Amino acid sequence: MLLRILRGLGTLAWVGLLLGVFVLSANFSFSRFVRRGEVTLPQLTGLSLEEGSARLAEVGVGLIRREERDRFDSEVPPGRVVDQIPKGGTPAKRGSLVEVALSRGRELVEVPDLLGQPMQTVLVHLKASSLTMGRVLRVFATSGEEGKVVRQHPLPGAKVDPMTPVVLFVRVADSDESLVMPDLISRNYEVVRHFFELRDFRVGSIKYEAYEGAAPGTVLRQYPLPGHRLGHRNVISLVVSAGGRLAENNS
């Protein structure tokens, strides 16, 4: 009786072993079947549509563009892939599709024409153009209406980054044709020179100095100082950044 029981247990153990081997083999075969035809997607960022389509075709995957997902990007050139779904490096089935969006390039906005506009209107135009108001310099100009913009920088029509500050020159009436010297520090020399020459004021001595941290052409010091009355007989002296160059004097 005992011998029969032992034989029965041995048969059950053998059957269990065979069943375990069968299950493991079936699971391995099924996994291979499921994974068969699976590929790793390439990274498409920075490629053109043609290049991306060719790269996907090499692994048996198609490409579809989602134009509604195109976006501005300052790093990826216009017309190049800026995003893909699924991402590069992830597994996918042969014959599946990858959705891509293209870069519209760096976003730029156009500077509106603010000349002749009062400050209330200027604020509306700047906000509508995604720009900000920079320094407001009140000047005694020989033309234009009092309280309105007689000059601006950047100039109308220029293409700039969103939220760029726009510097405004606003006319103040003066019967003596003189001007209260504006604060020129940190302004661009070419813009300053053009402003004064346009109004027949004399820009005399210009000294260039090497100054770390200031872009070349930036006004470092001025004479007369801000707030002083400036007439047509006065001479304007400026110290301008030469960037990393050796200092030089021009007059």
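Predicted model: local features only at pLDDT ≥ 70, side-chain atom pairs only at ≥ 80, totals over all residues.
Entry 1, confidence. Among the elements, I found the highest mean pLDDT, 96, in strand β5 (residues 97-102), and the lowest, 41, in strand β16 (residues 248-250). Over residues 28-35 the pLDDT stays under 50, and the model has two contacts for them beyond four places in sequence. Residues 245-251 also have pLDDT below 50, although this stretch has 14 contacts in the model beyond near neighbours in sequence.

I then turned to helix α3 (residues 119-128), in which Met 119, Val 122 and Leu 126 are the buried residues. Looking down the axis of α3, I see that these buried residues fall within an arc of 50 degrees, so they line one face of the helix. The face turned away from the buried side carries Gln 120, Val 124, Lys 127 and Ala 128, which are exposed. The cover over the buried residues of α3 includes β7 (132-139), β8 (149-153) and β10. After α3 comes Ser 130, with a positive phi near 60 degrees.

The elements giving two or more residues to its lining are β10 (165-171) and α4 (189-198). Among the lining residues I noted Leu 137, His 153, Phe 169 and Arg 187, and the lining as a whole divides into five nonpolar, two polar and one charged.

Notes. Residues numbered from 1 in each chain as written. Heavy atoms only, no water. 1 Å grid on protein atoms, 1.4 Å probe; cavity = no way out; pocket = protein on both sides within 12 Å on 5 of 7 lines; lining within 4 Å. Helix = DSSP H or I, 4+ residues; strand = E, 2+ residues; numbered from the N terminus. Nonpolar A, V, L, I, M, F, W, Y, C, P; charged D, E, K, R; others polar. pLDDT = per-residue confidence, 0-100. Contact = heavy atoms within 4.5 Å. Buried < 20%, exposed > 50% of the residue type's maximum accessible area, 1.4 Å probe, protein only. Arc of directions from axis to C-beta.
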